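Welcome! Have a look at the sequence and the model below, and then let us walk through them together.

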Amino acid sequence: MCEVEEKFETVTSVFEQCYTDLFPKHGINIDPKDGVFILASAHADSLLYDDSQPFLDQIQKKYKTCVISDTDSVMIDTGAP
């Protein structure tokens, strides 16, 4: 059996690793860090769906709520890794 060392990695770190592997294979001439910056910036600039805020406002009147995301604070706070 092989041992797997588990460690926390940010979403931006995972994308950088993927881009490092994929960009050369597909002839994409962008630094992987720049690719991550573009992704993070687009994510940070994205808007809520029109019905998101009204839904959250309504549901919070009846239930305790918690919003869970697959992103990390880097992508939310600054839009850049």
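This is a predicted model: local features need pLDDT of at least 70, side-chain atom pairs count only at pLDDT 80 or more; totals for chains, interfaces and linings use all residues.

**The overall picture**

Let us step back to the whole chain. The protein contains 4 helices and 0 strands, and along the sequence the pattern reads α-α-α-α. Of the 81 residues in the protein, 19% are buried. Looking at contacts between residues at least 6 apart in sequence, 59% of them join residues at least 24 apart.

**Where helix 1 meets helix 2**

Now find helix 1, which covers residues 11–25, and helix 2, which covers residues 32–45. These two helices pack at an angle of about 130°, and their axes are 8 Å apart. That angle makes helix 1 oblique to helix 2. As for handedness, helix 1 and helix 2 cross in a right-handed way.

Which residues make this contact? From helix 1 come Thr-12, Phe-15, Glu-16, Tyr-19, Thr-20 and Phe-23. Helix 2 contributes Pro-32, Lys-33, Gly-35, Val-36 and Leu-39. Sorted by class, the contact of helix 1 with helix 2 has 6 nonpolar, 3 polar and 2 charged residues.

**The salt bridges**

How many salt bridges does the structure hold? There are 2 salt bridges in the structure, and the table sets them out.

| Salt bridge | Distance, N to O |
|---|---|
| Glu-16 and Lys-33 | 3.2 Å |
| Lys-25 and Asp-21 | 3.3 Å |

The pair of Glu-16 and Lys-33 links distant parts of the chain. Glu-16 sits in helix 1 and Lys-33 in helix 2, 17 residues apart. Glu-16 is partly exposed, with a relative accessible area of 26%.

The other pair brings us back to the residue we began with. Lys-25 forms a salt bridge with Asp-21, and both residues lie in helix 1. Lys-25 and Asp-21 are 4 residues apart in this helix, so about one helical turn separates them.

Notes. Residues are numbered from 1 along each chain as its sequence is written. Side-chain values use heavy atoms; hydrogens and water are left out. Axes are lines fitted to C-alpha atoms, for helices over the stretch in contact, and angles run from 0 to 180 degrees between N-to-C directions. Angles under 35 degrees count as roughly parallel, over 145 as roughly antiparallel, 65 to 115 as roughly perpendicular and the rest as oblique. A crossing is left-handed if the near helix is turned anticlockwise from the far one by less than a right angle, and right-handed if clockwise. Contact means heavy atoms within 4.5 Å. Ala, Val, Leu, Ile, Met, Phe, Trp, Tyr, Cys and Pro count as nonpolar, Asp, Glu, Lys and Arg as charged, and the others, Gly among them, as polar. A salt bridge is a side-chain nitrogen of Lys or Arg within 4 Å of a carboxyl oxygen of Asp or Glu. Buried means under 20% relative accessible area, exposed over 50%, partly exposed in between (1.4 Å probe, protein chains only).
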